[in-house]
Amino acid sequence: MSYAITPPAIPSLPIIGSEQRFPVRRIFCIGRNYAEHAREMGATVDKDTPLFFTKPADAVVTDGADVIYPQATQDLHHEVEMVVALGGGGHDLSAEEAAKRIWGYGVGLDLTRRDLQAIAKAKSHPWDVAKGFDHSAPVSALRPAGEVTLGADTALTLEINGQQRQHGRLGDMVHGVNEIIAILSTLFELKAGDLIFTGTPAGVSALQRGDRFRAELAGVAVLEGKVA
């Protein structure tokens with residue numbers, strides 16, 4: 001096949017213990033999936049209607065690269081999240097079927113231009129410019145699901161310049177991983193290569209140029225980097 005321009009590179013993530021890489025197709029995110037975070041943002045949790053949004057695949061920042069402070073904002077916020085990578089897809093999946101589509105797990109940051117999000121909320125506009133900008137999805141290397149044991153007490157943490165900012169337990173999620181995948185599959189046809197950011201605990205706050213971050217999903221993955 002001949003293309004009019006050079007096709008863009010396929011975004012991908014490293015895999016722990018392998019030289020292979022995981023190609024990224026789409027990035028789905030769920031908002032307000034930790035009640036304390038919803039409250040700190042002045043919102044409530046609507047369990048019956050989960051809040052989803054997306055980021056472009058090429059928003060990923062990988063392999064320890066610096067996170068470039070984005071343009072058009074004075075209030076860049078961090079949101080540490082467990083990231084689920086899908087090795088299969090489908091639509092209208094049951095929770096049991098959803099579990100079988102999980103390829104692996106990692107940890108990431110859902111970076112947010114909070115000032116632009118506040119403007120969008122006030123005007124009832126979409127959140128795209130606040131969530132889907134360049135370099136808005138730093139993600140760790142992935143660990144295959146067969147090597148991972150997760151539980152309600154599995155910790156999700158973020159340190160900024162050596163000081164803890166966020167700490168949560170996976171058991172605090174309003175919607176569990178299998179439920180998130182199943183619900184998403186009623187809205188989109190999921191496919192191998194999709195990533196799902198599963199929500200952030202309380203403690204979100206601003207990042208500055210020069211800040212160093214360390215995000216961890218205990219026993220699974222670590223993401224370290226710097227805001228440049």
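An open sheet with mixed pairing is formed here by 6 strands, in the order 4-3-14-7-8-11. Strands (E, at least two residues) and helices (H or I, at least four) are DSSP runs, numbered from the N terminus, and two strands pair if DSSP finds at least two bridges between them. At the edges stand strand 4 (51-55) and strand 11 (143-144), each with a single partner strand, so one side of each has no neighbour in the sheet.

The model is predicted: local features need pLDDT of at least 70, side-chain atom pairs count only at pLDDT 80 or more, and totals for chains, interfaces and linings use all residues. Residues are numbered from 1 along each chain as its sequence is written, and side-chain values use heavy atoms, leaving out hydrogens and water.

Now look at strand 7 (residues 80-86) and strand 8 (residues 102-109): they pair in the antiparallel sense over 7 bridges. Val84 stands opposite Tyr105 in strand 8.

Val84 is also among the residues with the most contacts inside the largest nonpolar core, which has 41 residues; Met82, Val107 and Leu109 are others. Such a core is a set of buried Ala, Val, Leu, Ile, Met, Phe, Trp, Tyr and Cys residues joined through side-chain atoms within 4.5 Å, where buried means under 20% relative accessible area (1.4 Å probe, protein chains only). Helix 5 gives the largest share of this core, 5 residues.

Leaving aside neighbours within four places in sequence, Leu109 is in contact with residues including Val80, Leu158 and Phe213 (contact means heavy atoms within 4.5 Å).

Definitions and conventions. Buried < 20%, exposed > 50% of the residue type's maximum accessible area, 1.4 Å probe, protein only.
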